[in-house]
Amino acid sequence: METHVLFFVAAVVAGLINSLAGGGGLITFPLLALVVPPVVADATSALALFPAYPSAVWRTRSKVREVRRLWLWLLLITSALGGLVGALLLVWTGERNLTFLVPWLVLGGTLLFVLEPRLSRRSGGAYQERGLATALWPLAAVVVFVVAIYGGYFGAGIGILMISALSLLRMGDVHRVVPFKNLLAGCLRGVAVVVLVIYGEIAWGYGIPMAFGGLIGGYLGGALTGRVNRAILRAVVVVIGFGLAAYYFWTLYGRSALHVIGD
């Protein structure tokens, strides 16, 4: 009972973090990896954090409605297809061949998010009040599709990467980008969870109570998104992004270096 309560609380915190920027898996995955095999831990973590997305989107639905409907459906379908492709690649290969790219992708995405205001000022304004200029739609679809494949396949740092992509595509300021990120990331991760459920990779005893925790955390995060100052919200995204990159750099390279020194 104590273990399930701990995992529930962890999912609440992780869902809140995920709805603001991303990186909640840093809390849920290591805990689950203590009690189930790594692949099952990854799949169960995805299930646990999925409800955080729709609850956060519901809390910030007014921001999502500002996006042009055709543009919204284009990226939703693109995200779903990318998440499906990524999840199928994962279950068919049974490996994490992209693991070594994770810290570099997260670090690069965070740096792009930091530089986005300066890049936007230099390149002029294709951003419109309710979305992108029509000429940029194909590029946006391709970018989101690639990010979604990664999110369906591995998922680590998907929030940071999606925020960076949407910011560079000029979907608006951070208060508008974060709710839209939650919608797209929730869509692609939802498709991935369905695939993982079908292939029997979920530890339901842990996943169900954690999913309720993620639901609560996502709603709380959605409430904070609309109330936090823009500068503070950007700072939260940047801190989580750099922290996530540092964690994965240490996981992949730091421990190996210690083993080499020890040998």
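Rings of Phe, Tyr and Trp, the last taken by its six-membered ring, form a pair if their centres lie within 6.5 Å. By this rule, the predicted model holds 2 aromatic pairs.

| Aromatic pair | Centre to centre | Angle between planes | Class |
|---|---|---|---|
| Phe7 and Tyr206 | 5.4 Å | 40° | tilted |
| Trp104 and Phe249 | 4.8 Å | 90° | edge-to-face |

Phe7 belongs to helix H1 (residues 2–20) and Tyr206 to helix H11 (residues 204–227), so this pair ties together parts that are 199 residues apart in sequence. Planes over 60 degrees apart count as edge-to-face, and the rings of Trp104 and Phe249 fall into that class because their planes stand at 90°. This pair, too, links distant parts of the chain: Trp104 is in helix H7 (residues 102–123) and Phe249 in helix H12 (residues 230–262), 145 residues apart.

Phe7 has a relative accessibility of 4% and therefore counts as buried, the limit for that class being under 20%.

Two packed helices are described by the angle between their axes and the distance between the axes. The axes of H1 and helix H2 (residues 25–33) cross at roughly 150° and come within 8 Å. Because angles over 145 degrees count as roughly antiparallel, H1 is roughly antiparallel to H2. On the H1 side, the contact is made by Phe7, Ala10, Ala11, Val13, Ala14, Ile17 and Asn18; H2 contributes Gly25, Ile27, Thr28, Leu31 and Leu32. By class, the residues of this contact comprise 9 nonpolar, 3 polar and no charged.

Two arginines may be described next. Arg61 lies over the face of Trp58, at 3.9 Å from the ring centre. Arg189 is located in helix H10 (residues 174–198). With a relative accessibility of 11%, Arg189 counts as buried. When neighbours within four places in sequence are left aside, the residues in contact with Arg189 are Ala46, Phe50, Tyr53, Gly151, Gly152, Phe154 and Gly155.

For the chain as a whole, the secondary structure comes to 12 helices and 2 strands. Along the sequence, these elements follow the pattern α-α-α-α-α-α-α-β-β-α-α-α-α-α. The chain has 263 residues, of which 49% count as buried. Among contacts in the chain with a separation of 6 or more, 85% are between residues 24 or more positions apart.

Definitions and conventions: Residues are numbered from 1 along each chain as its sequence is written. This is a predicted model: local features need pLDDT of at least 70, side-chain atom pairs count only at pLDDT 80 or more; totals for chains, interfaces and linings use all residues. Side-chain values use heavy atoms; hydrogens and water are left out. Rings of Phe, Tyr and Trp (its six-membered ring) pair if their centres lie within 6.5 Å; planes under 30 degrees apart count as stacked, over 60 as edge-to-face and the rest as tilted. Helices (H or I, at least four residues) and strands (E, at least two) are DSSP runs, numbered from the N terminus. Buried means under 20% relative accessible area, exposed over 50%, partly exposed in between (1.4 Å probe, protein chains only). A charge sits over a ring if NZ of Lys or CZ of Arg is within 6 Å of the ring centre and within 35 degrees of the ring normal. Axes are lines fitted to C-alpha atoms, for helices over the stretch in contact, and angles run from 0 to 180 degrees between N-to-C directions. Angles under 35 degrees count as roughly parallel, over 145 as roughly antiparallel, 65 to 115 as roughly perpendicular and the rest as oblique. Contact means heavy atoms within 4.5 Å. Ala, Val, Leu, Ile, Met, Phe, Trp, Tyr, Cys and Pro count as nonpolar, Asp, Glu, Lys and Arg as charged, and the others, Gly among them, as polar.
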